[in-house]
Amino acid sequence: MNQETPHNKMPVGALIRTYGYKLKDKVKYFDIPLLLVTFVLIIFGLIMITSATSGTSITGEINQPWAFLKPQLFSVGLGLVIFLIMMAVPQQWLANPLLHLLALGIVFLLLIYTAFAGEVRNGAKSWIQVGSFSLQISEYLKPIAVLVYAWVLAKLSEEVRLFKTQHLVLFRWSIVVLSILCLFLIALQPDFGMVAIILAIIIIMILVSKVSLKINLALLGIGGLAYAGLLIYFSNYQGQSDSYQINRFLAMVNPFNFRQGIGYQLVNGYYAMSRGGWFGVGLGQGQMKNGLLPEIQTDFIFAHIGEELGIFGLAFLLGLFAFLLYRLFYWAGQAQSQFSSLVLFGLGVLFFIQITVNVGGVLGLIPLTGVTLPFISYGGSSVLNFMLTLALAQKMIYTEKRSRKPEINVVYSRYQGGKS
């Protein structure tokens, strides 16, 4: 007697086809161009990290690029797992203020732990060790800040009567106070560059949401005056300072006056890019990685790319970043949900500021902050953070696409009374 084959005993080929169709159904709601440019950036970053760590140290010891590539590959793999988890998270969870408070609370507790048991690197106590893996907790506050302030600003822009309920006001102020406390702990590390980046993201989101024209103009005016004042103040310094943060400004304003001290890395970054010219000295042929630019695989990898691949290599990389930003801002404008729109815009701003701060620091336009170049610089926390960021963006795009039901035009045949 023939019976139907149960699902759990389905032939392997049929089972693969079934789940293949389900995956195909999901993938069509992703932003494929955004996925592709992310993949290209990750591969490009792995190649340049391998090249940057394949030289000889200043002591004559030959570097082992696999020692850097292996943890970076592990971080990329972990980022892919995070991406899959994010795609399975219901959209309602991402817009839930309770979960926002939970995420901020976890970051706050981890920042307190960092203050007592963290590692000091580049003058800041910002890292905690988890086995053989180092985490910079402040990195993960950036996408969380985008998510929670997108919710706050979306609620502020709704009808006033909807926001007068007591529990929403409580959530709003709890989020604001907790995020301020997190920024205060980051400032105590001290990592003022990270604080400035997160504040800039939030401020730009406020400006775009048009909460108040007066607030917008005040924020722009204060920011412009502060930057001009800092340039004037530090241009009058004649010597180095005991403050690590002040020296960063001095190196930006007069790097060649301190070429053997605080301006050493910036000046050598200039030399690296000037050696590259238009087409570079060739992949793997750079000389500045041989101890002349310490930790070149991290925040100064832009200079390394300029040396080995030249101006055309830098233009290719910046073109990839420009396309990534275009896709994020495009979907921010297309999103029907104001929350999704603000999240996508905030994530685009996050990438823009991160790229601008890194490249601007290498070019001497802004102070060096140790900020990584997304997907290109070496660093587990950095690559995990940006894969989480793009997973969040893809989730917003996925939900927006799924919510758009196609318009169905019913056409009757002539036998059903329709027109031919």
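Visitor: How far does α2 reach from its first C-alpha to its last, and what reach is expected at 1.5 Å a residue?
Guide: In this predicted model, α2 has 21 residues and reaches 30 Å between its first and last C-alpha atoms. The expected span is 1.5 Å times one less than the number of residues. For α2 that expectation is 30 Å, and the reach found is close to it.

Visitor: What makes the span of α9, residues 192-209, agree with expectation?
Guide: Helix α9 has 18 residues, which should span 26 Å at 1.5 Å a residue. The end C-alpha atoms of α9 are 26 Å apart, so the two values agree.

Visitor: Which residues of α2 meet α3?
Guide: From α2 come Leu-35, Ile-42, Leu-46, Ile-49 and Thr-50. Their partners in α3 include Phe-68, Leu-69, Val-76 and Phe-83. By class, the residues of this contact divide into 10 nonpolar, two polar and no charged.

Visitor: What makes a residue of α2 count as buried, and which residues are these?
Guide: A residue is buried if its relative accessible area is under 20%. Among those in α2 that are buried are Leu-34, Val-37, Leu-41, Ile-42, Phe-44, Leu-46 and Ile-49. The buried residues of α2 pack against α3, α13 (301-334) and α15 (380-403).

Visitor: Which residues of α9 are buried?
Guide: The buried residues of α9 include Val-195, Ile-197, Ile-198, Ile-201, Ile-202 and Leu-207.

Visitor: How do the axes of α6 and α14 cross?
Guide: The axes of α6 (residues 137-156) and α14 (residues 338-363) come within 8 Å and cross at roughly 145°. Their crossing is right-handed. Among the residues that meet are Glu-139, Lys-142 and Trp-151 in α6, with Phe-339, Leu-342 and Gln-354 in α14. This contact has 12 nonpolar, three polar and two charged residues. Glu and Lys count as charged.

Visitor: How many helices and strands does the chain have, and what share of its residues count as buried?
Guide: The chain has 15 helices and three strands, and 45% of its 420 residues count as buried. Of the contacts between residues at least 6 apart in sequence, 68% join residues at least 24 apart.

Note on methods. Residues numbered from 1 in each chain as written. Predicted model: local features only at pLDDT ≥ 70, side-chain atom pairs only at ≥ 80, totals over all residues. Heavy atoms only, no water. Contact = heavy atoms within 4.5 Å. Helix = DSSP H or I, 4+ residues; strand = E, 2+ residues; numbered from the N terminus. Buried < 20%, exposed > 50% of the residue type's maximum accessible area, 1.4 Å probe, protein only. Axes fitted to C-alpha atoms, helices over the stretch in contact; angles between N-to-C directions. Left-handed = near helix turned anticlockwise from the far one by under 90°.
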